[in-house]
Amino acid sequence: MEFRGKDLDSVSEHGYILNNYKTHKFDDQHILVTTDHSDWEVLDEQEYKLLRLRKVHRDKKLFERLEKKGVILTEENVNDVVRKYRRSKEFLFRGPTLHIITPTMRCNARCVYCHSRAKHVSEENVDMDRETAKKIVNFILKAPSDSHIIEFQGGDCLLNFDITEFLIDYARERANEAGKEIQFSIVTNLTMMNEDIIRSLKRRNIRGIATSLDGPKEIHDKNRFYVGGGGTYDETVHWIKRMNNELEDHFNLNALSTITKHSLGKGREIVDEYRKLGFNSVWLRPLNNLGFANDVWDEIGYSNERFFEFWKTTLDYIIELNRKGEEFTELMSVIFAKKVFNVGDPNMVDIMAPCGAGIGQLLYKYNGDIHTCDEGKIDEEFKLGNVFESEYEDLFDNETLVSMVDISSRESYVCNNCAWKSFCGVCPVTTYKQQGSIVSKLSMDVKTQIYRRIIEDIFRRIIFEEDEKKVLKGWTQDDKVFG
């Protein structure tokens, strides 16, 4: 790559041009400069003045630092910067790799915040059949990627476990024929687990199991209860203990904690519950104002500020545990720390630009309908087609998907001036539900406001607290894949 045109004179005179950069001022001695390829540097006031006035060449050490990070572009570094930016956008060219299948929309629980609006356990005509299952698998394997993850959700997929088993067997057979790698993950509330299912999963070598644990019994049972009443904590914890102790050689069990108003002020208790049950991480997931949660938001919701303060104080406690030698992580922080330290791609489709809906993830309903993503599965607005009617290529001509990619690319004027642009993301589905349009008014966008606060806090810890920087950087060595 060569510099051409109007930039040539300035390059030949001083050896560089300025890359597009954004700034965030912590104080006069700590001015953060970030780039679109996710590199960053911290400058003092005098250094920032030289950058702003295009006089970096007057300070040799500053020149070398900014050249290394790509804040300035030279003949020596420009190809490296291009490679870094291309690596950050690789997901745009490999097609969807996460495929979420809902074998049923039925569930035996009625969680207060369920964004799927799961159907009653006795509901009819919401279970997948074998013909649809085959069509979905065949459709998935048309995607260009050589590696796929199939995640079974619901409802609760254990309520139609015969079809879940069939999907696993058929997908594995077809993937082998196509020379493609395939992995599976089961998402379940665990209350329908039994020994027959355990044996089936072991026989099929399904290691990835994901569940929800919102904290101690008094928190969990306020959020997650059976259709007929009564909390799900006891049964869920029974199987968590079994999998984390007796079956730990067979299953890799993960859990997340959805934070409601009942969780606020109870961060330590939630973390300690996870520690007690043998987990070495917790995902403090902010509540989505979707599905059932939208109906009762005044009862379970909170402001962005209240969630951020909850997350921040809970992270303080987790980092203190690490200082004392205990390995325990908070997975939201891991995602952003990986982005900040530029350590691989955390593969979190909600925090990509563009977002991963449709291009990194697809969701297939029990009847073969194809939706952009997990969050978009209950809305016709985010339906892209049906496996009985659509060709793979049809999805990417869909106006909804094209618009979502465009809007979530964050190439808007507002985002272009934000220091957090290359580390952040937007979710067009949640934006649509909150604001009536996928075109976000960012001041009203709940997820974006939360992400911005978290990113700023992660940077603050890295810049000002050396021991916290060490802890967070250590977390980036985790090879966990996020969906």
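## Basis of the model

Because the structure is a predicted model, local features are considered only at pLDDT of at least 70 and side-chain atom pairs only at pLDDT 80 or more, while totals for chains, interfaces and linings use all residues. Residues are numbered from 1 along each chain as its sequence is written, and side-chain values rest on heavy atoms, with hydrogens and water left out.

## The nine-stranded sheet

An open sheet of nine strands runs in the order β12-β10-β9-β8-β7-β6-β14-β15-β16, with mixed pairing. Strands here are DSSP runs of E with at least two residues, helices are DSSP runs of H or I with at least four residues, and both are numbered from the N terminus; two strands count as paired if DSSP finds at least two bridges between them. At the edges lie β12 (284-286) and β16 (383-386), each of which pairs on one side only. From one strand to the next the twist averages 25 degrees. As a general point, strands of a sheet pair through backbone hydrogen bonds, in either a parallel or an antiparallel sense.

Within this sheet, strand β8 (residues 181-187) and strand β9 (residues 208-212) pair in the parallel sense over three bridges, and Ser 185 stands opposite Gly 208 in β9. Helix α10 (residues 233-246) lies across β9 and β10 (252-259), and runs at about 150 degrees to β9; such angles run from 0 to 180 degrees between N-to-C directions, with axes taken as lines fitted to C-alpha atoms, for helices over the stretch in contact.

Strand β2 (residues 21-27) pairs with β3 in the antiparallel sense over six bridges, and the bridge partner of Lys 25 is Ile 31 in β3. The two strands are joined by a hairpin through two residues. On to the next strand, β3 and β4 (residues 40-43) pair in the antiparallel sense over four bridges, with Glu 41 in β4 as the bridge partner of Val 33. The hairpin of β3 and β4 has four residues between the strands, and in it Ser 38 takes a positive phi near 75 degrees.

How many of the six residues of strand β3 are buried? Five of the six residues of β3 (residues 30-35) are buried, so this strand is largely enclosed by the rest of the structure. Buried means under 20% relative accessible area, exposed means over 50%, and partly exposed covers what lies in between, with a 1.4 Å probe and protein chains only.

## Helices α11 and α14

Helix α11 (residues 267-276) and helix α14 (residues 304-323) pack at an angle of about 45 degrees, and their axes are 9 Å apart. The two helices are therefore oblique to each other; angles under 35 degrees count as roughly parallel, over 145 as roughly antiparallel, 65 to 115 as roughly perpendicular and the rest as oblique. The crossing of α11 past α14 is right-handed, meaning that the near helix is turned clockwise from the far one by less than a right angle.

On the α11 side, Gly 267, Arg 268, Ile 270, Val 271, Asp 272 and Arg 275 meet Phe 310, Thr 314, Tyr 317, Ile 318 and Leu 321 in α14. The residues of this contact divide into six nonpolar, two polar and three charged. In this grouping Ala, Val, Leu, Ile, Met, Phe, Trp, Tyr, Cys and Pro count as nonpolar, Asp, Glu, Lys and Arg as charged, and the others, Gly among them, as polar; contact means heavy atoms within 4.5 Å.

## Loop residues and backbone details

Val 121 lies in the loop between β6 (98-101) and α6 (130-140), and is partly exposed at a relative accessible area of 30%. Leaving aside neighbours within four places in sequence, Val 121 is in contact with Arg 106, Cys 107, Asn 108 and Leu 159.

Positive phi values in residues other than glycine include those of Leu 190, near 75 degrees, and Asn 205, near 55 degrees. The peptide bond from Gly 154 to Gly 155 is cis, with omega near 10 degrees, and the bond from Ala 353 to Pro 354 is cis with omega near 0 degrees.
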